[in-house]
Amino acid sequence: MKPTGEGNDGAKASESSDGMESATGEPTSGIILVDKPSGVTSHDVVAAVRSGLSMRRVGHAGTLDPMATGLLVVGFGQATRLLTVIVGHDKTYKATIRLGLGTTTDDADGDLLPVRPGAAQRVDELTAQGLQDLINGCFTGWIEQVPDAFSAIKVNGRRAYDLARAGQKVKLEPRRIRIASFRLLDFRRVDLPDLGVKVVDADVEVTCSSGTYIRALARDLGEHLDLGGHLTALRRIRVGSFDLENSDLASRVLGGHVVPHTYRNRQGQTVVRSRMVLDRDRQAMLDGSLSLVQAARMTMPVLNLDAEQAARVANGGFLDLSVTGPTAALAGPEGRQRLAAILVPSPRGGAKPDVVFRPEA
């Protein structure tokens with residue numbers, strides 16, 4: 001659930017803060033916003049940032065498929081401990097759904113499934129208004145969704161996509177998700193002469209809760225229409241308050257490109273795979289990062305602690321404060337504040353520190 005309350009609105013990337021710089025003045029913790037290119041995994045992005053910063057402690061908030069592009073929120077240093085809050089925020093995607101053909105993976109990376117009998121006529125009969133009406137009636141609000149078999153969900157300790165790629169049947173339980181907005185942006189009929197079929201390509205924008213699979217939306221739309229459906233493009237443009245279309249953040253967004261990487265595996269075989277190369281050097285990455293305080297203000301409500309409260313929190317102590325969800329506790333004088341802890345409601349009343357951040361020299 002997205003936290004609400006003080007500090008959640010009005011935070012800007014340009015504000016000064018800190019408590020995140022080393023003795024040399026370099027940030028030791030922070031959030032980097034990456035515009036992931038297609039063709040690499042989220043892990044590849046983390047590896048590129050880890051190498052670019054020469055830091056081991058790097059992670060991301062929310063996996064993007066290799067085919068997908070867009071916003072990946074990456075944390076380094078102590079900011080990796082903010083990622084568990086960020087990953088739970090709602091997200092916005094732009095996608096193209098192809099109706100009339102399904103694939104084995106529900107996206108363009110999979111093998112095509114056979115065209116369904118009568119699909120050509122149903123494609124001809126489908127209208128933009130009819131599709132939007134279906135979306136409004138069946139795919140908006142709280143719905144049950146069965147995640148994609150090629151998702152990263154763990155089944156008995158193994159990723160679903162590993163089991164699916166190994167040819168094993170994967171059964172995942174439905175999840176309750178919330179689609180806040182599902183808008184049809186464009187509707188066009190497309191002839192695919194190489195396949196001898198006609199399809200509908202629908203450009204959409206979806207704002208949804210964490211845990212929503214856009215591939216599964218494409219699959220289920222195709223099922224409702226008895227046409228089959230899959231994604232041909234997917235781009236994430238927002239995670240909570242981190243928004244690629246926010247002009248205040250534009251200069252901070254880190255891009256990259258994909259290059260082939262050749263290496264020998266443990267079996268002595270030559271392997272070629274894609275690797276991400278970042279478009280900025282180490283100093284530019286650090287200069288463009290968001291501090292712990294800046295990121296916390298954009299992620300959750302904020303409370304200011306006095307010296308006594310800060311000392312108590314540092315030792316794991318409870319506070320007689322009312323919080324309704326994850327709340328950033330800041331310590332120190334204005335202009336030199338640092339993130340002291342993330343507070344959560346205590347079962348016995350008040351607030352308790354869920355995560356404590358050490359001061360960074």
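1. Helix H4 packing. The buried residues of H4 pack against strand E4 (91-99), strand E8 (175-192), strand E9 (197-208) and helix H6 (214-224). Contact here means heavy atoms within 4.5 Å. Buried means under 20% relative accessible area, exposed over 50%, and partly exposed in between (1.4 Å probe, protein chains only). Helices (H or I, at least four residues) and strands (E, at least two) are DSSP runs, numbered from the N terminus.

2. Basis of the model. This is a predicted model, in which local features need pLDDT of at least 70 and side-chain atom pairs count only at pLDDT 80 or more, while totals for chains, interfaces and linings use all residues. Residues are numbered from 1 along each chain as its sequence is written, and side-chain values use heavy atoms, with hydrogens and water left out.

3. H4 spans residues 128-138, and its buried residues are Leu131, Gln132, Leu134 and Ile135. Seen down the helix axis, they fall within an arc of 155 degrees, so they line one face of H4. The arc is taken from the directions from the helix axis to the C-beta atoms. Gln129 and Gly137 are exposed on the other side.

4. Helix H6. Nine of the 11 residues of H6 are buried, so the rest of the structure largely encloses this helix. Asp226 follows H6 and has a positive phi, near 55 degrees.

5. Glu205. This residue lies in strand E9. Glu205 has 15% relative accessibility and therefore counts as buried. Leaving aside neighbours within four places in sequence, its contacts include Tyr93, Lys94, Phe182, Arg183 and Ile237.

6. The four-stranded sheet. An open sheet has the order E14-E15-E16-E17, with mixed pairing. Strand E14 (302-304) and strand E17 (351-356) stand at the edges with a single partner strand each, so one side of each has no neighbour in the sheet. The twist averages 40 degrees from one strand to the next. Two strands pair if DSSP finds at least two bridges between them. E16 and E17 run antiparallel and are joined by five bridges. Val344 has Lys352 in E17 as its bridge partner.

7. Helix H8 on the sheet. H8 (residues 292-299) lies across E14, strand E15 (327-331) and E16, at about 30 degrees to E16. Axes are lines fitted to C-alpha atoms, for helices over the stretch in contact, and angles run from 0 to 180 degrees between N-to-C directions.

8. Leu343. This residue lies in strand E16 (residues 338-345). Leu343 counts as buried because its relative accessibility is 0%. Not counting residues up to four places away in sequence, Leu343 touches residues including Leu303, Val313, Leu319, Gly325 and Ala351. Gly325 is 18 residues from Leu343 in sequence, with 7.8 Å between their C-alpha atoms.

9. Charges over rings. The charged end of Arg348 sits over the ring of Phe318, 3.7 Å from its centre. Arg81 lies over the face of Phe357, at 5.7 Å from the ring centre. The criterion is NZ of Lys or CZ of Arg within 6 Å of the ring centre and within 35 degrees of the ring normal.

10. Whole chain. The protein chain has nine helices and 17 strands. Buried residues make up 50% of its 361 residues. Of the contacts with a separation of 6 or more, 69% join residues 24 or more positions apart.
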